[in-house]
Amino acid sequence: MILGLLGSASATSGTRRALEELGHRIRSAGRDFEYVDFAVEYRELHDVSAYTEPPAPGSQTEAIRRRVSSTEAIVLATPVHHGSFSGLLKNALDQLDDEGFAGRPVGLLAHGTTATGTVAAADALRPVVRALGGWASPTSVGVATADLTSGPGGGLSPAVAERMETLVGELLWFPARAGMVASR
């Protein structure tokens with residue numbers, strides 16, 4: 001199962017829409033996909049006193065750690081906030097321990113008004129992924145507002161759709177090579 005972590009609080013955000021498009025591609029590739037909506041789940045601010053020994057069961061920190069550790073891959077999806085990733089996503093990531101991503105591939109998806117901003121946000125997440133023991137996929141997906149099409153059959157620009165397909169391939173390739181999932 002691949003887990004998306006949505007760092008947007010808006011119910012109508014482009015970040016949410018882009019993550020849902022990526023999830024559709026993951027499912028089409030034969031993997032389960034779901035995402036955590038941090039605007040709904042895990043809303044409490046990170047409690048530093050719970051970091052080393054989170055109260056279990058039922059604490060927010062314990063619950064997000066358990067959920068992330070049960071996945072074969074992760075996707076971090078963020079809106080661009082001041083040239084970086086969102087505080088909502090940062091708060092959630094702060095609750096993971098140093099091995100939160102433990103050798104798993106992590107896809108990076110950013111949405112903003114321009115392509116330049118999306119690259120900056122995705123690049124800001126790379127050292128965080130490393131610090132949590134993960135492997136940031138070489139391909140990140142930046143979705144500018146103009147890349148989201150509307151109307152009948154609305155979706156993504158062809159260039160972004162292609163990058164999503166590449167990202168899905170990377171997320172599926174790594175666990176199979178690392179012996180994390182049965183080969184298909």
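This is a predicted model: local features need pLDDT of at least 70, side-chain atom pairs count only at pLDDT 80 or more; totals for chains, interfaces and linings use all residues.
Residues are numbered from 1 along each chain as its sequence is written, and side-chain values use heavy atoms, leaving out hydrogens and water.

**The sheet.** Start by colouring the five strands of the open sheet, which pair in parallel in the order β2-β1-β3-β4-β5. Strands here are DSSP E runs of at least two residues, helices H or I runs of at least four, numbered from the N terminus; two strands pair if DSSP finds at least two bridges between them. At the edges you will find β2 (33–37) and β5, each pairing on one side only. From one strand to the next, the twist averages 20°.

**Inside the sheet.** Next, select β1 (residues 2–6) and β3 (residues 73–79), a parallel pair with five bridges. L5 has L76 in β3 as its bridge partner.

**The helices.** Now show α1 (residues 14–28), which packs on the sheet and touches β1, β2, β3, β4 (105–112) and β5; contact means heavy atoms within 4.5 Å.

**The aromatic pair.** Finally, pick W135 and F174, whose rings are stacked at 4.5 Å centre to centre with 10° between the planes (centres within 6.5 Å make a pair; planes under 30 degrees apart are stacked, over 60 edge-to-face, the rest tilted). W135 lies in strand β5 (residues 135–144) and F174 in helix α5 (residues 158–177), so the pair ties together parts 39 residues apart in sequence.

Conventions: Rings of Phe, Tyr and Trp (its six-membered ring) pair if their centres lie within 6.5 Å; planes under 30 degrees apart count as stacked, over 60 as edge-to-face and the rest as tilted. Axes are lines fitted to C-alpha atoms, for helices over the stretch in contact, and angles run from 0 to 180 degrees between N-to-C directions.
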